Amino acid sequence: MRKLNDKLLKWYIALRYRERGATAVEYALMVALIAVAIIATVILLGGQLKAVFERITGALADMPDVGA
């Protein structure tokens, strides 16, 4: 187990301190993290957002027609 940890640490350090720009793997990790954050936000706030939009829809339906 120690060898695996050492290899992972060396890989991470080599990846972190590379002087080149970000690689496709790093971009994929960022996209995955953003996707997880969006999904978590939707799951946590989904019910509240639905209630807000339903309240707005109800208020708009109750408005009188202004006509042209």
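Does Lys50 count as buried or exposed, and at what relative accessibility? In this predicted model, Lys50 counts as exposed, because its relative accessibility is 53%. The protein is made up of two helices and zero strands, and 3% of its 68 residues count as buried. The points below set out the helices, the surface and the pairing of charged side chains.

**Overall surface**
- The protein exposes about 6700 Å², of which carbon and sulfur atoms supply 70%.
- Of the 68 residues, 3% count as buried.

**Helix α1**
- Helix α1 covers residues 2–16, and Arg16 is found in this helix.
- Arg16 has a relative accessibility of 54% and therefore counts as exposed, the threshold for that class being over 50%.
- Between Arg16 and Glu26 there are 10.0 Å in space, C-alpha to C-alpha, and the two residues are ten apart in sequence.

**Helix α2**
- Helix α2 spans residues 24–62 and contains a kink of about 60 degrees, centred on Leu45.
- The number of buried residues among the 39 of α2 is zero, so this helix lies largely in the open.

**Nonpolar surface patch**
- A nonpolar patch on the surface is formed by Leu44, Leu45, Leu49, Val52, Phe53, Ile56, Leu60 and Met63.
- Together, these residues have about 790 Å² of accessible area.
- Leu45, one of the patch residues, is also the residue on which the kink in α2 is centred.
- Leu60, another member of the patch, is found in helix α2.
- Leu60 counts as exposed because its relative accessibility is 55%.

**Salt bridge**
- One salt bridge is found in a search of the whole structure.
- The side chains of Glu54 and Lys50 meet in a salt bridge, with an N to O distance of 4.0 Å.
- Both Glu54 and Lys50 lie in helix α2, where they are four residues apart, about one turn of the helix.
- An α-helix has 3.6 residues a turn, so residues three or four places apart point the same way.
- Side chains of opposite charge can pair when their charged atoms come close.
- Glu54, at 48% relative accessibility, counts as partly exposed, whereas Lys50, at 53%, counts as exposed; the two fall into these classes because exposed means over 50%.

Key: Residues are numbered from 1 along each chain as its sequence is written. This is a predicted model: local features need pLDDT of at least 70, side-chain atom pairs count only at pLDDT 80 or more; totals for chains, interfaces and linings use all residues. Side-chain values use heavy atoms; hydrogens and water are left out. The bend at a residue is the angle between axes fitted to the seven residues ending there and the seven starting there. Buried means under 20% relative accessible area, exposed over 50%, partly exposed in between (1.4 Å probe, protein chains only). Accessible areas come from the Shrake-Rupley method with a 1.4 Å probe; for residues, only the protein chains shown count as cover. Patches are made of residues with over 30% relative accessible area and no salt bridge: like charges are joined within 9 Å, nonpolar side chains (Val, Leu, Ile, Met, Phe, Trp, Tyr) within 5 Å.
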